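Hi everyone, thanks for coming. Let's have a look at this one together, and I'll talk you through it.

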Amino acid sequence: MFKELDPILHSQLRLAVVSLLIGVKEAEFTFIKEKTQATAGNLSVQIQKLKEAGYIDVVKQFKDNYPQTICKITPEGVTAFEAYVAALQEYLTPNQ
Amino acid sequence: MAEKQLSEQESLRLITEMIQKAKAGVHENGVGALLWGTTVGIAGFLGFCKYQFNIDYAWFDPWSLCALALIPQAYLVHQERKQQRKAKSHQQDLLNAVWSIYGLSIFLMIFYFNIIPSATAAILKANGEEIVRRNIATGAIVSTSPNVFSSLSLLMILYAIPTLITGIGMNIKSMVVGGIINIILFFISLYVTTQYDNLLAGFVGIFNWFIPGLILRKKYLKAQQQQLHV
């Protein structure tokens, strides 16, 4: 019996965001936008969904008079990501 | 990137791609290493020239360059990072702490070198004692002030610590090689005079930081160029 893939993570842009954040301590919104090549609007919506799920923390602040959004993966996000990767491995190697 | 459901293979491919992009996005820019390597290199070679060519720098001690250079360097590195950093890696906080403590240790060590001779002389004097040098051939005895022998060798031990931690922790091969050369030069410095200690310390600056700094800078600029062309 295969584990169900986490619906929050099993979407292209949300998975891309969490995969980026797993490799760094924290990242600015502009960094994530640049790496995922997503539109600002779509990215904002997906980041909000990840935040509501408790997978990422979002801090909004001002830096040199410009608004700055910093995203950081939470321990819950790390656990969910690890579970997602483990479930994927089961799908790809079902005989093990 | 549009929103769509993924197959399992696509998910794995995306995860790998994003982790690699995150890694590529947090390149060290090499500015700190270049500046510090240049400072230590110049101080070492000026120190060597002082002995080799009997140059009198009067009030100027070449090694005070290092202490003077720490503040503008810290400012420049901070400014460049502030402008360019959009993501922070897990190791950066740890490495920042290592390099800050290293900077503080350099200050404390220089403080130690300057205080110990006069403090020791004062303690000896209070006990009615002093340190003297006796010429073996003539038997002539002259009063001398206590000093820290081969102080640059001690500094060389300190130089190797942050470089090796950074090199091993961040997998920067040029810094690991520089740190190993640093340790070899430290051993050599134990057997040569202060004149050559200066030269060796200058080489430590070149191998430990200047060359790795050039390599890091080249990689960083290349990564920046690639990002512009994506």
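From the N terminus on, chain B runs α-α-α-β-α-β-β-α-α-α, which gives seven helices and three strands; these are DSSP runs, H or I of at least four residues for helices and E of at least two for strands. A word on the ground rules: this is a predicted model, where local features need pLDDT of at least 70 and side-chain atom pairs pLDDT 80 or more, while totals for chains, interfaces and linings use all residues. Residues are numbered from 1 along each chain, chains are lettered from A and ligands numbered from 1 in the order written, and side-chain values use heavy atoms, without hydrogens and water.

So how spread out is chain B? Its radius of gyration, over C-alpha atoms, is 24 Å, well over the 17 Å from the globule rule for 230 residues (2.2 Å times the number of residues to the power 0.38), so chain B is more spread out than a compact globule. Along the principal axes, its C-alpha atoms fill a box of roughly 90 × 35 × 30 Å.

Of the 230 residues in chain B, 37% are buried, meaning under 20% relative accessible area with a 1.4 Å probe, protein chains only.

Now, the partner. In contact, that is with heavy atoms within 4.5 Å, are 34 residues of chain A and 28 of chain B. Together the two chains bury about 2900 Å², 59% of it from carbon and sulfur atoms; that is accessible area (1.4 Å probe) lost on being put together, summed over both. On the chain A side, A:Gln12, A:Lys25 and A:Lys35 lose the most area to chain B, together 23% of what that side buries.

Technical notes. Buried < 20%, exposed > 50% of the residue type's maximum accessible area, 1.4 Å probe, protein only.
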